[in-house]
Amino acid sequence: MSSPTCLRTRRITLHSKVVLSASAALVMLGTWVIFIMEYTNPLTLRPLSFTGKALGAMLQSVSSRSAGVNTIDIASMRQATQFFIIIMMFIGAAPGSSGGGIKVTTFVILVGAVFAIIRGKEDIVLFRRRISKDRIYKAITITLLSVVLIVLSVMLLSTMESYNFLGILFEVTSAYATAGMSMGLTAELTAFGKVFIILLMFIGRLGPIALAYTLTPMPEKEHYRYPEGKITIG
C-alpha cells in the first residue's frame, strides 16, 4: 500500500470549475423561470402534479442548451418563456460538447467583464484566477459575430417567410445553436427557408469552432504599439 505522503490530490482546473458552476446555475435558473412562467398555463404545466411541473421545467431547462428533447409543447408556451428559451439556446453548452451556442465559458467571461467594469476593476477574476486579455477579446468577438449572424438571418427569413417574428427568431436561434427545438415552423417553411435553416445549422456547429482556432494568436512579439486614445462611452 502507498503511504499517505505518496498520495497526490488532483485539483479541478479553472475551466472545469467555470463549466460546472455555470452549468448548474443555468439549469437552476432555467428551471425556476420556466416553472414560474408556465405554472398556470393550462396548455403546458398546469395539468401536471407539482412534481411533474418541477421535472418538466427542469427537463426543458437542460434541453434548451443541449439535448433538444421536449415533453411540453414549445408552441403552447407563453411568449416570455419562449424568449427565455431563445436566450438559453444562444448561451449553449460547454466547449467540446455536442451542444452549440456561444458556450457557457464565453457567457461567463462576458458576465465577468460586466461585473469588473461595474466594480471598477481592470481584470476579470474567476475563482482567484485572472482571465487573459486574448480570451476576453475572443469571447466578445464570437458573441458579436453570432448576434450579427442571427439578426441578419432573422431579417432575411422575416422577408421571405410569412410567420410571426418570435417564431422565426426561435427557429433561427435553435438552428444556429443546434439545439434541436422547434415551435413547428420548419415544416411550414418554403424550400428556400428549409435550405437556409440547414445551412445555418452547419454554420452554427462549425463556425464558432473554426473561429475560435482562427482567433488564436500566434506567438509573435509586437515591435511597436500605437499611442493610447480615449473614446467617450455612454
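This is a predicted model: local features need pLDDT of at least 70, side-chain atom pairs count only at pLDDT 80 or more; totals for chains, interfaces and linings use all residues.
Q: Is Asp 123 buried, partly exposed or exposed?
A: Start with where it sits: Asp 123 is in the loop between α4 and β1, with helices (H or I, at least four residues) and strands (E, at least two) taken as DSSP runs numbered from the N terminus. Its C-alpha atom is 8.0 Å from that of Ala 113, a residue 10 places away along the chain. Buried means under 20% relative accessible area, exposed over 50% and partly exposed in between, using a 1.4 Å probe and protein chains only. Because its relative accessible area is 32%, Asp 123 is partly exposed.

Q: In which loop is Arg 128, which has a positive phi although it is not a glycine?
A: The phi of Arg 128 is about 65°. Its relative accessibility is 79%, so Arg 128 counts as exposed. Arg 128 is placed in the loop between β1 (125-126) and β2 (129-130).

Q: Is Lys 103 buried or exposed?
A: Lys 103 also has a positive phi, of about 85°, without being a glycine. It belongs to the loop between α3 and α4. Because its relative accessible area is 12%, Lys 103 is buried.

Q: How are α4 and α5 oriented to each other?
A: Axes here are lines fitted to C-alpha atoms, for helices over the stretch in contact, and angles run from 0 to 180 degrees between N-to-C directions. The axes of α4 (residues 104-118) and α5 (residues 133-160) come within 9 Å and cross at roughly 110°. Angles under 35 degrees count as roughly parallel, over 145 as roughly antiparallel, 65 to 115 as roughly perpendicular and the rest as oblique. That is why α4 and α5 are described as roughly perpendicular.

Q: Which residues of α5 does α4 meet?
A: From α4, the residues taking part are Thr 106, Ile 109 and Leu 110. By class, this contact has 5 nonpolar, 2 polar and 1 charged residues, where Ala, Val, Leu, Ile, Met, Phe, Trp, Tyr, Cys and Pro count as nonpolar, Asp, Glu, Lys and Arg as charged, and the others, Gly among them, as polar. On the α5 side are Arg 135, Ile 136, Ala 139, Ile 140 and Thr 143.

Q: How are α5 and α6 oriented to each other?
A: The axes of α5 and α6 come within 9 Å. They cross at roughly 135°. The two helices are therefore oblique.

Q: How many charged residues are in the contact of α5 with α6?
A: In α5, the residues include Ser 146, Leu 149, Ile 150 and Ser 153, while Phe 165, Ile 168 and Leu 169 are among those in α6. By class, the contact of α5 with α6 has 9 nonpolar and 4 polar residues, and the number of charged residues is none.

Q: Leaving aside its neighbours within four places in sequence, which residues are in contact with Ser 153?
A: Ser 153 is in helix α5. With a relative accessible area of 3%, Ser 153 is buried. Its contacts beyond those neighbours are Val 172, Phe 196 and Leu 200.

Q: Not counting residues up to four places away in sequence, which residues does Thr 173 touch?
A: Thr 173 has its place in helix α6. It is buried, with a relative accessible area of 2%. With those sequence neighbours not counted, Thr 173 touches Ile 86, Met 89, Phe 90 and Ile 150.

Q: Which helix has the lowest mean pLDDT among the elements of the chain?
A: The chain averages a pLDDT of 86, and 88% of the residues score at least 70. It has 7 helices and 2 strands. Among these elements, α3 (residues 79-91) has the highest mean, 94, and the lowest, 80, belongs to helix α7 (residues 191-214).

How values were computed: Residues are numbered from 1 along each chain as its sequence is written. Side-chain values use heavy atoms; hydrogens and water are left out. pLDDT is the predictor's confidence in each residue, from 0 to 100. Contact means heavy atoms within 4.5 Å.
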